Amino acid sequence: MNEIQRFSFDNTNVRGERVILTDAYQDIIKRKSYPLVVEKLLGEFVAAIALLRDLVKIDGILSIQAKGNGFLETVMAECDEQQNLRGIAQWNQELPIPDEINLKETLRDGYLVITITPKNGTRYQGIVELVGPTLSECIAQYFYQSEQLPSQVWLGCDGTACGGLFLQRLPKEQAQEGDEDAWDRFTHLASTVKQEELLTLPTEELLHRLYHEETVLLYPAKKMQFGCSCSRQRTLEAMSSISPDELREILIEQGMISTTCQFCAETYEFTESDLAGILGDQAQTH
């Protein structure tokens with residue numbers, strides 16, 4: 001299963017999302033050898049960005065990134081408008097691998113950034129406060145700060161699959177009279193979800209187990225998959241940030257310039273003629 005599905009509760013102002021990713025998650029983590037505890041956290045980031053992407057309506061890329069000075073150096077996941085997911089994590093290999101990752105402790109002086117990069121328009125970044133040890137708490141805080149809407153997030157990953165459940169309370173005027181405790185009731189029931197259920201059950205079955213006494217409206221599921229935005233042309237354009245003199249030195253030493261995408265492990269090779277536009281009149285290296 002690699003899909004995200006939206007749902008709502010009839011006659012209430014509560015909506016939700018559920019995402020479950022198996023092959024898409026495996027396609028991300030197989031490109032680098034991660035410790036299991038890092039694989040699990042990266043999976044939570046991938047599930048979180050899938051949930052965020054379906055709620056933040058932009059024609060472009062949405063990403064979430066954590067940076068710090070502890071065991072974790074960076075964790076990043078992103079999703080584009082075609083539901084293509086990718087992610088990566090880097091850690092300090094000189095430090096012992098913890099049994100569990102507490103974001104506040106393992107990032108140490110770190111922070112989370114959510115970046116919106118529309119195809120047309122201005123790039124926007126929002127800093128997310130590390131309010132607790134888990135990514136779920138941080139994402140809930142982000143939604144409350146950015147939209148002033150109470151939100152709860154449950155994330156899970158076991159190294160095989162990753163998934164998430166999201167609930168949000170919309171403004172009161174969207175609710176019917178007589179169900180004032182709906183939000184408390186729904187979030188309490190969601191908090192009973194087991195990780196195994198979150199990572200294995202089809203969405204309809206999961207919601208039935210949690211809310212069998214409620215009327216749940218399910219919307220069409222959207223497929224998600226691994227997909228990298230790198231390309232030979234983009235990589236070549238990135239070369240323009242390197243000085244021509246430095247490029248010439250590499251060409252003299254190696255005969256070509258080779259670069260590998262950190263997300264998908266695709267390798268691109270460039271010869272002197274490929275780089276002529278960057279090197280200019282002094283393209284000859286020998």
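## Ground rules

Residue numbers start at 1 in each chain and follow the written sequence. Because the model is predicted, local features need pLDDT of at least 70 and side-chain atom pairs count only at pLDDT 80 or more, while totals for chains, interfaces and linings use all residues; side-chain values rest on heavy atoms, with hydrogens and water left out.

## The chain as a whole

The chain holds 10 helices and 14 strands; these are DSSP runs numbered from the N terminus, with helices being H or I of at least four residues and strands being E of at least two. Along the principal axes, its C-alpha atoms fill a box of roughly 80 × 45 × 35 Å.

Of the 286 residues, 49% are buried (buried is under 20% relative accessible area, exposed is over 50%, and partly exposed is in between, using a 1.4 Å probe and protein chains only). Among contacts (heavy atoms within 4.5 Å) with a separation of 6 or more, 63% link residues 24 or more positions apart.

## Two helices side by side

A packed helix pair is described by the angle between the two axes and the distance between them. Here, helix α2 (residues 36-55) packs against helix α4 (residues 135-147) at about 20°, with the axes 11 Å apart. Axes are lines fitted to C-alpha atoms, for helices over the stretch in contact, and angles run from 0 to 180 degrees between N-to-C directions. That angle makes α2 roughly parallel to α4 (under 35 degrees is roughly parallel, over 145 roughly antiparallel, 65 to 115 roughly perpendicular, and the rest oblique).

Which residues make the contact? From α2 come E44, F45, A48, L52 and L55, and from α4 come L135, I139, Y142 and F143. By class, this contact has 8 nonpolar residues, no polar ones and 1 charged residue (Ala, Val, Leu, Ile, Met, Phe, Trp, Tyr, Cys and Pro count as nonpolar, Asp, Glu, Lys and Arg as charged, and the others, Gly among them, as polar).

## Two buried strand residues

S151 sits in strand β8 (residues 151-157) and counts as buried because its relative accessibility is 5%. Its side chain makes a 3.1 Å polar contact with the side chain of Q168 (a pair of N or O atoms within 3.5 Å; within protein, one must be able to donate a hydrogen and the other to accept it, and residues adjacent in sequence count only if both atoms are side-chain atoms). A polar atom of the S151 side chain also lies 3.1 Å from the backbone oxygen of L149. Beyond four places in sequence, S151 touches residues including A140, F143 and W183.

E78 belongs to strand β4 (residues 72-79) and is buried, at 10% relative accessible area. The side chains of E78 and R86 are joined by a polar contact of 2.7 Å. Among the other residues in contact with E78 are I49, N84 and S229.

## Positive phi in two loops

Most residues other than glycine have a negative phi. N11, which is not a glycine, has a positive phi of about 65°. This residue lies in the loop between β1 (2-9) and β2 (14-21) and is partly exposed, with a relative accessible area of 44%.

Q83 also has a positive phi, near 65°. Where is Q83? Q83 lies in the loop between β4 and β5 (84-91).
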